[in-house]
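Dear colleague,

Please find below the structure for your review. My findings follow directly after it.

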Amino acid sequence: MSDSTATSSTQPFERGTAKVFTEIAPLSQLTRAMRKAGRPVVLVPTMGALHEGHVSLVRSAQRIPGALVVVSIFVNPLQFAEGEDLDAYPRTLEADVEKLKAVGVDAVFAPSPREMYPNGPRTTIHPGPVGSILEGAHRPTHFAGVLTVVNKLFAISNCNHAFFGEKDYQQLMVIQQMVTDLNMDVQIHGVPIVREANGLAMSSRNAYLSAEERELALTLSAALTAGSFVADKGAEAVLSTAREILDAQPQITVDYLELLGADLGEVPEQGDARLLVAARVGSTRLIDNVGVPLGTGFKGLDEGNPAEGNPAE
């Protein structure tokens, strides 16, 4: 198939131009044709308000030879509970599309809620036990909303690869679980967290923070880093070290600080684990996490770092 392909919209499709599709049918027509021609289709699902973390996902996706890269931008109402920031969530579609054009994305899928849920939220996917801990304990309907929209995006885009950031580590795990359990023919790729120079994990919600709150938010990554660097001393040392740093800033309201296995199961005595935190800084809720090589520490991890690898690839 040539790089210029007619679609059902008024303009022909050209690779690398971040052509915007707002309806399901023309995007699905394009991606089916690409797959039929032997081209891989790669999906990068986002909720917009794009930053360098999203760009890193796109660049990773573009490394798949010959791939058509589709970025979806959709603020999914199903994953917001009543009282959460659905209405306030930043929506910057025009600026987002310009950023995606600059990095040579092929297609942008930016549907309306009515296009995605014409009959309302009738059918959802239950995330199981791993979706009931951490974020799931504080946001009980969140992961059902995430899995439902991701499942729909997989079907709409006909993708055979999808890229997700490790900042939303639990989300990455429940999506991998869904793909495995439901025999979906999609390869999931996790991409390491992108941080600002001061260590703050990049997030669209960082836009809510005042200058003072941004300084305070650095406590989260500082606590995780400190905890990870005593990994050779065991799980209790990791947790107590991280907790001490968080406790020193009473302005921060911690929802959870947990150390779990890399699969979010039981913590191993020795091996890969994950230290995860969620906290409110002012009115903004932030999450972050870090890989922890329990029992060994970071000695010898230069030959392939399992703590910061891509667990879902």
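Arg285 is buried, as its relative accessible area is 14% (buried means under 20%, exposed over 50% and partly exposed in between, with a 1.4 Å probe and protein chains only). The model is predicted: local features need pLDDT of at least 70, side-chain atom pairs count only at pLDDT 80 or more, and totals for chains, interfaces and linings use all residues. Residues are numbered from 1 along each chain as its sequence is written, and side-chain values use heavy atoms, with hydrogens and water left out.

Arg285 belongs to strand E11 (strands are DSSP runs of E, at least two residues, and helices are runs of H or I, at least four, numbered from the N terminus). Its side chain makes polar contacts of 2.7 Å with the side chain of Glu135 and of 2.7 Å with that of Asp255. A polar contact is a pair of N or O atoms within 3.5 Å; within protein, one must be able to donate a hydrogen and the other to accept it, and residues adjacent in sequence count only if both atoms are side-chain atoms.

By class, the lining of the largest cavity has six nonpolar, three polar and two charged residues (Ala, Val, Leu, Ile, Met, Phe, Trp, Tyr, Cys and Pro count as nonpolar, Asp, Glu, Lys and Arg as charged, and the others, Gly among them, as polar). A cavity is a set of points on a 1 Å grid over the protein atoms alone where a 1.4 Å probe fits but cannot get out, and lining residues have an atom within 4 Å of a point. Ala217 and Ile287 are among the lining residues.

Kind regards

Note on methods. 1 Å grid on protein atoms, 1.4 Å probe; cavity = no way out; pocket = protein on both sides within 12 Å on 5 of 7 lines; lining within 4 Å.
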